[in-house]
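I opened my notebook to look up a sheet, a loop residue and a helix. Here is what I wrote down, in order.

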Amino acid sequence: MQQFHHYGYVSGDPRVEPAAGIGLDRPEELPDEVDVLIVGTGPAGMIAAAQLSQFPDVSARIVERRASRLEIGQADGIQARSVETFQAFGFAGRIIEEAYRITEMAFWRPDPEDPSRIVRGERPVDDPTGISEFPHLIVNQARVLDYFAEFAANSPGRIKPDYGYEFVRLEVTQGEEYPVTAHLVRTAGEQVGQEKVVRAKYVLGADGAHSRVRDSIGCRPQGDQAFHAWGVMDVLAVTDFPDIRTKCAIQSHTGGSILHIPREGGHLFRMYVDLGVVSPEDKGAIRRTTIEEIIARANEILHPYTLDVRHVAWHSVYEVGHRVTDRFDDVPLDEIGTRTPRVFIAGDACHTHSAKAGQGMNVSMQDGFNLGWKLGYVLTGRSPESLLATYSAERQVIAQNLIDFDREWSTLMAKKPEEFTDPAELADFYVRTAEFPAGFMTQYEPSMIVGEATHQELATGFPIGKRFKSVPVVRVCDANPLHLGHQHRADGRWRVYAFADGAAPGQASALTEWAEWMASSAESPVLAHTPDGEPRDSVLDVKVVYQQKHVDVDISRVPEIFLPRTGPFELVNYDKVFAAHPDEDIFDLRGIDRNGCVVVVRPDQYVAAVLPLGATDELAAFFRQHLLVTDRQPVA
């Protein structure tokens, strides 16, 4: 539940947070000096800007060579992990309402009795094992960017894109306050062609597959090109193909195939149409394939069904390539650990692959989410600069895993029917690997922000390094059943979940001792890392989940660490106290030890540590690895 009224009565849109810091008087014109310069308003850049807008003391700007917002995006697949992320940014519900929802996928193949015709085979459901409570969606990338732009504009930092600036090059000079000098050129308005120089502490290049930021720091994509081309088109059409509103993989007798994806709005759909193998001597000629040729090829593959295209919203031709850079920042491999990265790349700037696994936008957003809060922590003095090295270390491995998966999937999509040993092989692969394309195979290795799995047995359903998989609970104060993970807003805070032992509030217990230590010990991460004058939960959001039914939890006896004060009136925040859901007990569903434990979750929703309630020294030591200690005291 979004909280408001704690600074006084609010009669307007509660999603518009009060401006603060730089957001109070944000310059309209792009300044000469900024803390963070983001290049490109694609998914990686926009989510990073949205996250940084929650750090109002950080001067962040995002530039885009276009003169205005994106109208038609090339990406459209939204995996469940991304919808979880949208929930953190407050717009999951709204985007679900307008999106197309994938519930199953149909696999079509040549009819064994008449191979010139296609027939429907398997129709597996999209998420048979309940990987996430959120759906798999299809929605135009432009709308995703709109929602992140809205969040950034309504956040305390009031970040809005600076359109009409094209990035040209940059130089890095170590030792200066603003070590990165970025050269831009105006592409719109009265000053077209004029150069603009911006000096920054950090630069994020989210400027696509042909990234100039990547080139400026000497990163080179490494990988291969499959020499296989696909035509892609977003169209409105009349057809007798019965699964036109169902996601399909279609293999024809000719060996050509189609990946068919219905779009939002009830009528639009996208088709990736197989154009076949491309000769190494082609020299780009395949990219001149006309829309008429793509439509004709689609009709050939769909036989005996026909496709009468009435309107083409967008089309393109691309060749499958699988490339990833060996690093995602400006520190050469032989200099890692010797200096702080100043320039980063994200999204297509550092990993490119086919579109058919639906991963490009999804993985790019996780790049930006991963880096955004880390930049915020370093620039606000909460964390040391060494935190920034974890970005490349974490995300480069994930990108390589994506490339490996996509190479296998796109190879299967390009195979001829007779090359499969089993006609169901493609559908079986789709079902068997469902967790990966859904976005849930990411697991970060131990580091300064990911602990060792020493106590993993205390919460087996919250694997360390993987995303926090939500579970229903009951909020004690108002008896509302809700998902625990849905309370994790993208506000830059760490979450510390205390799962109680069996004792009731007010009774002597391991939880009571832990809560007292968190509230009063000088070693407590709450006291050690919360800046002077900030609310007690401004860095660490501490919550409790009791084993009892909510009616058996006396909230007046709950330890004070779980009932912080908020706002100038010091109102009590009751929203951090939960009880197990009677029908879906979180302790059983996530294998949580009945003696209780602590689960620490990063600002980007990944589990960072699992510890016993009594392991307070380990908890303090974990946070001291990546949060700077202050000798100042937070407010109650």
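Before the sheet, a definition: I call two strands paired if DSSP finds at least two bridges between them. Strands (E, at least two residues) and helices (H or I, at least four) are DSSP runs, numbered from the N terminus.

The model is predicted, so local features need pLDDT of at least 70 and side-chain atom pairs count only at pLDDT 80 or more, while totals for chains, interfaces and linings use all residues. Residues are numbered from 1 along each chain as its sequence is written, and side-chain values use heavy atoms, with hydrogens and water left out.

**The sheet.** I found an open sheet of seven strands with mixed pairing, in the order S20-S19-S25-S22-S21-S26-S27. Its edge strands, S20 (480–483) and S27 (607–611), each pair on one side only. I then looked at S21 (residues 494–499) and S26 (residues 597–601): they run antiparallel, joined by five bridges. Ala-498 has Val-598 of S26 as its bridge partner.

**The loop residue.** Next I looked up Thr-325, in the loop between S16 (307–324) and S17 (343–345). Is Thr-325 buried or exposed? With 1% relative accessibility it counts as buried, since buried means under 20% relative accessible area, exposed over 50% and partly exposed in between (1.4 Å probe, protein chains only). Leaving aside neighbours within four places in sequence, Thr-325 has contacts (heavy atoms within 4.5 Å) that include Arg-214, Cys-219, Ile-345 and Gln-396.

**The helix.** Last, I noted that H6 (residues 291–302) has 12 residues. Its buried residues include Ile-291, Ile-294, Ala-298 and Leu-302.

How values were computed. Expected span 1.5 Å × (residues − 1).
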